[in-house]
Structures are given as C-alpha cells and as structure tokens.
Amino acid sequence: MSTHAQANSSDASIAFAQTASVRASRDYTMPALIVGLVGTAIALLGFFTGMSAGDSRPLFSWLIGLSFWLSIAIGMLFMTLIFYIFHAKWPTVLRRQLEHGIGLFPLLAVLFVPLLIVPFIHDDPGILWKWMNAERYIVGGGSVATDPLFLHKSAYLNIPFFIGRVIFIFAVFAILGYVLRRLSFQMDKTGDMANFHRARIFSAIGIFFCAAAVTMAAIDWFKALEYHWFSTMYGVWFFAASMRAALSVTLILIVVLASRGVLKGLFNQAHRYDLACLMFAFTVFWAYISFSQYFLIYNANIPEVTFWYNIREKNFDGSLNSWWWISLSLIFLHFLVPFLYLLFYKNKVTAKRTLFIAAWILLFHLLDIYFNILPGKLPLENPAELGYVVRQFSITFYDIAALAGIGGLCIWSYLRSMKRVAPLPIRDPNISASLAHHE
Amino acid sequence: MAKQFGLLARFKDTPDLFHAAEKVRDAGYRKWDTFAPLPIHGLPAAQGLGRSRVPVFTLIGGFCGFWIGLLMVWYMNLYDYPLLVGGMPFFSPIFPFPIAYELTILLAAFGTLIGMFVMNTLPQHYHPLFNSEQFLATSSDQFMIAIESSDPQFNTEATRLFLEEIGGTDIQVIEE
Amino acid sequence: MATTTSNLPTCPAQAELLDQIRPAEHKETPLVGNKRDFPWVTEKICTIVESRVPTWWWVAFAMALFTASFTGVGLVWLVSTGVGVWGLANPVNWGWAIVNFVFWIGIGHAGTLISAILCLLKQGWRTSINRAAEAMTIFAVVCAGIFPLFHVGRVWFAWWLFPIPNSNAIWPQFRSPLEWDVFAVSTYGTVSALFWYMGMIPDLGTLRDRATLVLRRGMDETLTPLQRKVQTAIWTLRKYGYGIFAMGWRNAGNHWRNYEMAYLLLAGLSTPLVLSVHTIVSFDFAVSIIPGWHTTIFPPYFVAGAIFSGFGMVLTLMLPLRALYGFHDLITQRHIDNMCKICLGTGCIVGYAYIMEFFIAWYGANPFEEFAFINRAFGQYAWAYWIMFSCNVFVPQLFWFKAVRRNAAMVWIMSILINVGMWFERFVITVTSLANDFLPTSWGYYSPTIVDIFTFFGTFGLFSVLFLLFLKVLPIMPMGEVKFVMPQADPHGHGFGDTAQGANSEMKGGAH
C-alpha cells in the first residue's frame with residue numbers, strides 16, 4: 001500500500017489533474033467554446049428573426065438542440081443516482097465523467113431562457129407551445145380560448161405556472177448535480193466516508209424529485225406541444241430515452257479517454273461489456289415503453305389519442321407523410337439494429353464496435369427527439385375548411401447550428417470541469433474494486 | 001484388469017485448483033477437466049476453454065419461435081379461417097406481436113437448456129469417475145483434476161509425478 | 001481476467017494518478033455470516049432434505065391441506081352448478097377471478113426478478129433466496145392458472161384456448177388480449193420451471209453423490225436389520241430419484257462453463273419474459289376503452305406492482321424459514337435490508353403510477369376518465385382504494401428506517417400488509433371501473449359469494465402445500481451459487497472483501 005502522507009494528496013491531486021490532462025491530450029476547451037458561441041449565436045439569430053417573421057421552425061431547432069443535450073445530462077444524473085442507490089462498484093471508475101456531465105444544468109438553464117421569454121416579447125406567444133396564445137386558431141375550428149379542452153387544462157397550462165415548473169425542474173437537477181459533485185470532490189480531498197454516505201442518502205431522496213422533474217419536463221416541453229394529447233407513459237419514455245443517450249455518451253467518453261492520456265487502459269474490457277449490457281437493457285426498455293404506448297393506443301383506437309400517432313404516419317388526405325419513414329426507422333434502426341448488434345459478445349467488448357453503436361444510438365436518439373417534438377397539426381389557411389397540415393420532417397441549418405452551438409458550450413463546460421479535479425474518484429471506497437473489475 | 005480411465009488428484013482449495021489448472025493447460029494436456037463444487041471465476045480461461053457455445057442454440061430457438069408465432073397467427077386468422085372481429089384486420093404485424101414474442105422466449109429457453117445438455121454431453125448417467133468415492137465428495141467440498149488416459153501425452157507414471165508436482169494429493173487411478 | 005490491472009502505466013502522469021488511489025475504508029457485511037466454510041453450507045442444506053421432517057412441518061402441512069380443500073370445494077361447487085355461483089353480475093363481469101389471477105401472477109414475479117434480473121445485475125445477495133423464490137413463482141403460477149381456467153365456464157373445453165384443431169375447425173382468435181394471456185402465462189410457467197430445474201441440476205448431483213456415498217459406506221451398524229433395510233431403500237430411492245434428474249452432472253469445469261452461460265442466458269430471457277407477462281396481463285385491461293383501464297402507463301406500473309407484491313411474499317415466506325431452519329448466516333440482515341429497500345423502491349414506483357393516472361385523468365379532460373378516478377377515491381369503493389393506497393404507498397415508507405428493517409416481526413407484518421394492498425389494487429382496478437361506467441342507470445355494487453371466497457382462500461393452502469413439499473424434497477438453496485459468493489471461492493486467494501486491496505497492491509507493484 002502507499003505510504004504517502006494524507007495531507008499532501010489533496011493539493012497534489014489538483015495540481016496533478018491540471019497538468020496531467022493538459023499534458024496528456026490536446027486541449028479542446030477553446031475550440032469548443034468558439035464552436036459553442038458561434039453556433040448559439042447563429043441559432044439565436046435564427047430564433048429571433050424567425051420569431052419576428054412568424055416562422056416557428058427555428059424555435060423548434062432550438063428546442064430540439066436543447067432537448068438533445070439536456071436529455072444526455074438528465075440521463076447522466078439518473079445514472080449517478082442509480083449507481084449510488086444500488087451501491088454499484090464497477091462503475092466507480094466512470095463516475096467522474098458523469099459528475100462532469102451533471103454540472104451542465106446551470107448552463108442548460110440559461111440556454112432555456114430564450115424559450116421562456118418568447119411569450120412576453122412576441123405578439124404570437126403560442127408560436128412554439130400553441131396553448132400560450134389564447135387567440136390562436138386550432139384545427140377543427142375556434143381558437144385556443146374557446147377550446148373546452150384547453151379551458152379544462154388551463155389550471156395547469158398557464159404561463160406563470162409553466163415558468164414555475166421550469167424553475168422547479170432546473171432547480172432539482174442543478175441542486176442535485178451540485179450536491180453530488182461537491183460531495184464527490186470533497187471525498188477526493190478528505191477521504192471522509194461521511195461524504196459517501198451523504199451522497200447515497202441524497203441520491204435516494206433525490207431520485208423522487210428527479211422523477212417528478214423529468215415527468216414535468218416531458219409533459220410541459222414535448223407533450224404540451226400538442227396539448228390535446230395525453231399519455232400516462234410519456235414521462236417514462238423521456239426517462240428511457242435520456243438513459244439511452246447518456247449511456248451512449250458515457251461510453252464514447254470513456255472509450256475515447258481510455259485510448260489516450262492518463263486514463264489509458266483503465267477502462268477495461270469488463271467495463272465496456274457492462275456498460276454495453278446496460279445500453280442493451282435500456283434499448284429494450286425504451287422499445288418496451290414506446291411499443292406499449294403505441295400498442296395500447298392502436299388497440300383501443302380512441303380518436304382523442306390516436307391523432308398523435310396519425311399525424312406521425314399520414315397526412316389529412318391519408319397519404320403517407322415523411323414521419324412514416326421516421327417512425328419505421330425508429331423501430332428498425334433505433335431498436336432492432338442496436339438490439340441485434342448488442343446481442344453479440346464481441347460487439348459489446350471491442351472498443352471500436354462499442355463506439356460505433358453508441359454513436360448510432362445517439363444519432364437515432366436525436367431522430368427520436370425530432371419525432372416527439374416536431375410533428376404538429378397546423379390549421380389550414382382558411383380555418384373554415386376541413387383538414388389540417390402536418391409539419392413535416394426536415395433538417396434545417398438552424399437545427400445544426402443549435403445542436404452544434406449548445407453542444408459546443410456543453411463540451412466547453414465539461415472540459416473546464418475536467419481540469420478542476422482528478423480524472424477518477426481517487427478516494428472512493430470502491431475505486432480499487434472498480435479498477436480491478438473483470439468479467 | 002479393467003481398462004484405465006485416467007488419474008484423479010485432489011487439490012486443497014480454490015486457488016490451488018486454479019493454479020494447477022493453469023499448469024495442466026500449459027503442459028499441453030487436452031483430455032482433462034477440473035471438478036469443483038462451485039463455478040469458479042475465470043477457471044474456464046485457466047483451463048484453456050473459450051466462451052461457451054450455448055448462445056448459438058438460444059439464438060436458433062429464439063429465431064424459430066418468433067417466426068413460428070407470426071406464421072401461426074397468419075395461418076390461423078388470415079389464411080385458414082379468416083374471422084372478422086371488431087373491424088380489426090385479419091393480420092397485421094402488431095397484434096400478433098405478443099404471441100411471437102412469447103414463443104421467441106419459450107423456444108429460446110428450450111434451446112438454452114438443450115444447448116447446455118448438448119455442450120456438456122449430458123445426460124450421461126454412468127461415468128467412470130462416479131466409481132471413485134473420493135470423486136463423489138467433490139460435489140460437497142472437494143477440488144479435483146482428472147487427466148484421462150486417452151490424452152496423447154498421458155503416461156501413468158509421468159502424469160502422476162506431474163500431478164504431484166503441481167500440488168495434487170491422494171492421486172488415484174480411475175478404471176473404466 | 002484482470003488484464004489491464006497488470007499493465008504497466010503508460011505515462012508518468014498515470015503512475016502518479018494510480019499512486020494517489022487510496023480508497024477510503026468501507027466495511028461490508030459478508031453475504032455468508034460467521035465465516036462459514038463449504039462443508040457447512042452443504043451439510044446445512046442437504047440435511048434438511050435428508051433428515052426426518054420436523055414436527056412443525058407436519059402441523060403446517062396438515063393445516064395447508066385443510067385450507068387447500070376449500071379451493072376443491074369451491075371448484076366442485078362451481079363446476080357442478082355453473083359460473084352463476086360466483087358473484088359476477090352485470091355490470092361487473094370480471095370479479096374476484098381476475099383479481100385473484102392477477103394477484104397470484106404478480107406474486108410470482110419476484111421469484112423471476114431475484115433469479116434473473118438480480119443475476120444480470122450481479123447482485124450476489126440473491127443466491128440464498130433465489131431457489132425458494134423461484135419455487136414460489138411456479139406455485140404462484142399454478143394458483144393463478146386455476147382462475148382463468150375455471151372462469152371459462154365449461155372447464156372441459158379449456159383446451160380450446162390453445163391453438164389445437166378442434167371439432168368446430170375454429171382457431172383461437174389472436175386479436176384478443178385474453179389469448180395473449182394464454183401464451184404469456186403458459187410460457188411463463190414453462191420457462192420458470194426450466195430455469196428452476198436447470199439451476200437445480202448441480203444440487204441434485206450433490207444429493208445423488210451423498211446418497212451414493214452413504215450406500216457404499218453401509219448403514220449404521222446399531223440399527224436393527226429391518227431398520228437397515230428401510231434406510232437402504234430410502235437412500236437408494238434418493239440415489240436414483242435425484243440421480244435421474246441430475247442427468248449425470250459431474251461438476252466438471254466444462255459443465256460449469258456451459259451451465260453458467262446457460263444460466264446467464266436464461267436470466268437474460270426471463271427478464272423480458274417477466275416484464276412481458278405482467279405487461280400482457282395489463283393489456284387485458286388497457287387495450288379496452290373502459291375508463292380507468294385504458295391508460296398507457298399500465299404495463300410498467302403493473303410490472304412494478306407485481307415485483308412489489310412478490311417481494312412482499314418473499315419476505316413473508318423467508319422470515320419464518322430463516323427462524324425455523326436457523327438460516328441466520330445465509331439470510332443475513334443485509335438480505336433483509338435489500339429486500340425491504342426493493343419493496344420501498346417498487347412501492348414508490350407504484351405510487352408514481354397512482355399519481356400519474358390521477359393527473360392524466362384530469363389532464364386528458366375526458367369526463368368519464370376523470371369520473372372513474374374520482375369515483376375510485378371517493379365513491380362506493382373508496383374504502384378499498386384507501387386500503388390499497390395506504391398499504392402500497394404509505395406502509396413501505398417505514399422501510400426508510402433502519403430500526404424498522406432490523407425488526408423482523410415488523411418487517412413480516414408489513415410484508416403481509418403489502419400483499420393485502422396489492423390484492424386491493426387489482427380489486428380497485430377491476431371492480432370500480434366496471435361497477436360505475438358510462439351509464440349510471442346500469443351501475444351496480446359487486447360483492448363476492450361464498451364460493452368466490454372459498455376458492456380464493458383455498459389457494460393459499462394449495463400454495464403452502466406445494467411450498468412445504470418443496471422444502472422437504474428439494475434443496476432450498478443453490479449450494480454452488482451460495483459458495484460462489486463466499487470468500488473461499490476467490491481463485492486468487494483473497495476474499496471478496498480484500499479483492500480491492502489485493503488488486504490495488506498488484507497495480508502499485510507495477511507502478512513502482
């Protein structure tokens with residue numbers, strides 16, 4: 001065992017972390033910041049010009065980009081909580097990466113602000129969430145204000161309460177992220193088990209708040225885009241999707257970090273295997289949730305809920321629309337391909353193969369986000385006419401700008417967080433067991 | 001005298017068995033096996049065995065199950081005796097999914113069990129080793145290695161010495 | 001194997017990093033208490049099967065048989081008279097039969113969870129409880145199966161449920177969720193039995209080998225010749241009885257390798273299976289358009305509820321067993337803590353679903369749906385709803401406290417309350433939605449008849465009879481797996497508690 005004195009280690013570890021990560025690989029902090037600033041600037045430019053022109057598409061770009069990165073951070077938070085609650089030993093070696101991820105919430109909260117100020121500065125407050133504008137025409141005649149469904153739901157769907165919930169959601173994520181990071185970093189310095197126990201208790205209690213927050217986020221930000229529609233399963237879908245995204249990102253991070261620098265070789269085959277097994281499990285879980293939701297709505301065949309899937313399949317005239325292909329690709333490419341791929345042992349342990357499937361899942365996760373956010377029932381030009389138009393699938397320049405911009409800022413923040421602490425939770429009681437983890 | 005099956009040696013505990021197995025593997029023996037009352041972590045690798053092939057049987061079972069399920073529903077509800085119920089289609093990939101799914105798991109599970117038996121060449125109710133009382137204690141708390149005489153490297157005296165050298169005790173000759 | 005830990009660090013910075021790793025001390029209670037060794041485990045478990053049954057067993061068995069006879073009476077009454085003797089009447093045409101069916105199927109789920117999901121999650125503590133829990137699964141499925149089977153009315157036509165050509169040349173109708181149930185439940189029963197059997201093969205081999213040894217060494221000389229003959233006969237029966245089913249298992253390294261892989265695969269198959277079974281059970285309700293039934297969260301909510309009730313049942317069974325057989329070193333406080341925590345977690349998931357249903361019933365703005373839920377909580381069945389809610393959501397909250405988890409009597413009582421609560425959950429879902437549906441003029445109030453009560457009450461006896469027989473005849477813990485989590489199982493000569501230290505010093509050795 002090491003004979004180093006206790007006192008030296010804390011200062012040494014920080015100094016070491018600063019030098020080592022810089023020395024070990026190229027520093028991407030500045031490039032990430034530049035990409036982030038340029039991307040967000042372009043996306044926000046689109047956001048506000050689109051808004052003044054009455055074009056909602058750039059606003060959707062922003063929501064999609066933000067949701068994508070947010071889902072990753074949320075998934076990472078859940079992973080951290082779950083690992084603590086189950087007292088899982090093997091993932092200790094990758095927990096530091098999760099801790100950098102869950103530090104992103106304050107940044108993401110700031111990036112959410114443009115969406116919040118829309119109803120106050122625009123003459124069509126419902127440009128994104130249509131219920132925010134009482135005068136807006138709805139399909140089937142009348143306006144939001146005369147819509148009995150809206151009137152019923154207005155106790156929940158109103159702007160002050162909406163803002164309150166946004167604050168609650170981000171407060172839960174940010175506070176929990178802050179506390180868990182702090183306790184873990186403290187642990188590095190002092191090695192005091194009280195930190196560890198406290199982190200476990202915070203996780204056990206925090207997961208309830210997280211469940212509430214993630215459900216609200218799913219209902220408010222995605223489901224309420226078509227506020228007529230409802231499904232009790234929806235919050236669970238967002239959880240499952242976030243977990244898939246976060247597992248993929250974590251896998252990419254650890255494989256990349258482990259292929260170079262100070263962490264070289266420390267994430268071994270067994271870690272990859274277990275992480276890939278989790279990816280497999282959540283692929284199945286995501287499919288289970290998505291399939292069950294579809295299956296129940298399909299079988300019961302009640303129009304008040306089937307319309308949500310209808311517009312994701314057909315136009316008003318019954319012809320297949322672009323979403324039909326997206327739906328199929330979600331079934332076959334987002335579920336079946338990863339499912340079959342991850343059945344095979346080699347695909348779960350070979351670094352390159354796991355990288356491939358993680359990137360693949362992430363790509364289709366983005367498509368899943370599109371699928372849940374973008375399709376909408378738009379009234380015809382002449383509201384007296386019967387029918388509606390479906391907002392079709394498209395990838396715009398602003399989508400890419402928002403994704404790259406928000407992503408750039410997230411990566412910048414992530415890399416800055418990485419420089420502050422050692423790359424592993426060095427005093428965690430399970431760190432050695434985790435490093436020695438084998439199949 | 002009856003034909004010889006091989007030599008059986010006893011080892012003290014798990015680590016002893018593990019290291020002995022590595023040595024037998026490195027000595028180049030092919031027809032031999034370890035015996036322990038529990039599955040030991042990493043022992044297959046120490047014995048020079050690769051990953052088990054049972055998954056192949058599982059995969060075949062699962063694949064058959066899925067298509068049998070879908071085909072069965074298609075045959076019964078669309079082809080052989082179409083019956084209109086609740087205005088639902090006679091066949092669609094959606095509603096038979098639970099059936100196909102359950103059959104996938106059912107046949108995959110049977111495949112797995114059969115695969116385990118096939119790969120272990122079981123059932124095999126008689127085996128020369130069962131003649132040894134010492135061997136019968138394995139299933140409670142003993143650790144053994146048996147090297148078979150059919151191994152090309154086998155030589156009663158040399159192998160006995162080798163087993164002793166790697167820590168084996170109570171070495172017995174097992175007869176067919 | 002630990003390939004990377006033996007690698008030399010690739011750069012000085014890494015050496016520096018590894019050098020700083022000094023994990024804080026964290027004592028974990030071992031899974032097998034009192035530093036027991038392998039022979040102790042074998043003796044402990046095999047003697048239960050090999051020695052005379054204790055008196056309490058006979059008492060319990062007689063009581064269980066008596067209770068089970070109630071199911072017999074109920075079923076004979078039903079078959080000889082007709083389903084009219086059950087309390088079913090318009091508008092409630094699904095009463096206790098489906099409630100009891102879902103209840104028993106749900107109980108079974110914990111067994112599969114313990115043997116499959118916890119196996120995949122590498123939870124070592126599952127080993128000492130999984131055999132009994134799997135047995136519980138199979139017996140629960142047997143009890144559950146009775147209800148739909150007799151619910152068809154003419155039970156001698158029950159085989160029409162299966163896709164077998166019958167005299168009318170009509171096939172089953174696969175668009176009905178009830179037909180999915182047939183497949184789900186029969187698959188579940190079969191796969192659980194396969195899994196159970198496969199896990200038992202090594203233990204059956206052990207029992208066979210022990211019987212063979214006893215026969216070879218001869219019977220005790222102090223016995224009379226007749227006693228010796230009887231003993232020889234019993235041991236011979238054991239040798240061949242267990243021997244046939246052990247299939248010639250030899251504990252060979254190759255055997256274990258394939259066995260472990262097969263076990264892992266069956267665990268991997270059982271996990272989606274256990275999810276699908278209760279999912280499909282929930283489809284029975286959720287694909288309909290009855291208010292309160294058609295809600296998309298039903299699948300995961302039913303599964304969580306099933307696991308919750310199943311763990312309740314595992315605790316109800318294992319706590320007395322632990323006391324009666326003196327299993328305190330095998331089922332330690334750590335096991336009980338973990339089971340309590342799982343109850344707490346799943347109870348909270350169920351609570352999430354209750355709240356979510358309520359919220360979406362309001363948010364969905366469908367007046368019938370909204371009414372269905374308000375009626376549940378404040379209507380004629382409010383008493384059932386609040387029993388359900390308090391037993392399932394409030395009671396498990398006590399498991400937050402260590403003092404509660406350490407009080408075996410308290411845990412046992414709570415586990416029974418959980419089962420009561422989960423039975424009422426199914427009752428609330430089934431009955432409230434049917435009793436007060438769209439048309440107020442046809443509303444009704446459902447009460448069970450004595451036949452319903454007899455049949456249900458008796459299933460507890462049937463379950464106990466089967467479970468007691470299992471205790472007598474089969475090894476109640478998987479010996480190989482229990483040994484696997486003991487420190488002596490480590491092939492590198494250090495117990496699990498020290499693995500970390502050992503590996504760490506290995507690594508250090510490389511670094512310096």
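Colleague: At what angle do helix α9 (residues 234–259) and helix α14 (residues 351–373) of chain A pack?

Modeller: This is a predicted model, where local features need pLDDT of at least 70, side-chain atom pairs count only at pLDDT 80 or more, and totals for chains, interfaces and linings use all residues. Residues are numbered from 1 along each chain as written, chains are lettered from A and ligands numbered from 1 in written order, and side-chain values use heavy atoms, leaving out hydrogens and water. Helices here are DSSP runs of H or I with at least four residues, numbered from the N terminus, and axes are lines fitted to C-alpha atoms over the stretch in contact, with angles from 0 to 180 degrees between N-to-C directions. The axes of α9(A) and α14(A) are 9 Å apart, and the angle is about 150 degrees.

Colleague: How do the residues of that α9(A) and α14(A) contact divide into nonpolar, polar and charged?

Modeller: Contact means heavy atoms within 4.5 Å, and the residues making it include Trp237(A) and Leu251(A) of α9(A) and Leu355(A) and His365(A) of α14(A). For the classes, Ala, Val, Leu, Ile, Met, Phe, Trp, Tyr, Cys and Pro count as nonpolar, Asp, Glu, Lys and Arg as charged, and the others, Gly among them, as polar. That gives 14 nonpolar, 5 polar and 2 charged.

Colleague: Over in chain B, on which residue is the kink in α3(B) centred?

Modeller: Helix α3 (residues 54–80) of chain B has 27 residues and reaches 37 Å from first C-alpha to last, close to the 39 Å expected, taking 1.5 Å times one less than the number of residues. A bend is the angle between axes fitted to the seven residues ending at a residue and the seven starting there. The kink is about 30 degrees, centred on Trp74(B).

Colleague: Which residue of chain B does Thr212(C) touch?

Modeller: Thr212(C) is in helix α6 of chain C, and counts as buried because its relative accessibility is 8%. Leaving out residues up to four places away in sequence, Thr212(C) touches Lys239(C) and, from chain B, Leu136(B).

Colleague: What is omega for the cis peptide bond between Asn90(C) and Pro91(C)?

Modeller: Most peptide bonds are trans. Pro91(C) lies in the loop between α3 (55–81) and α4 (96–120) of chain C. Its cis bond to Asn90(C) has omega of about 0 degrees.

Colleague: Is Ala365(C) buried or exposed?

Modeller: Ala365(C) lies in the loop between α10 (333–363) and α11 (367–378) of chain C, with a positive phi near 60 degrees. Since its relative accessibility is 14%, Ala365(C) counts as buried.

Colleague: And which residues is Thr459(C) in contact with, neighbours within four places in sequence aside?

Modeller: Thr459(C) is in helix α15 of chain C, whose axis comes within 6 Å of that of α3(C). At 0% relative accessibility, Thr459(C) counts as buried. The contacts are Thr71(C), Trp104(C), Cys143(C), Ile146(C) and Phe147(C).

How values were computed: Helices (H or I, at least four residues) and strands (E, at least two) are DSSP runs, numbered from the N terminus. Buried means under 20% relative accessible area, exposed over 50%, partly exposed in between (1.4 Å probe, protein chains only).
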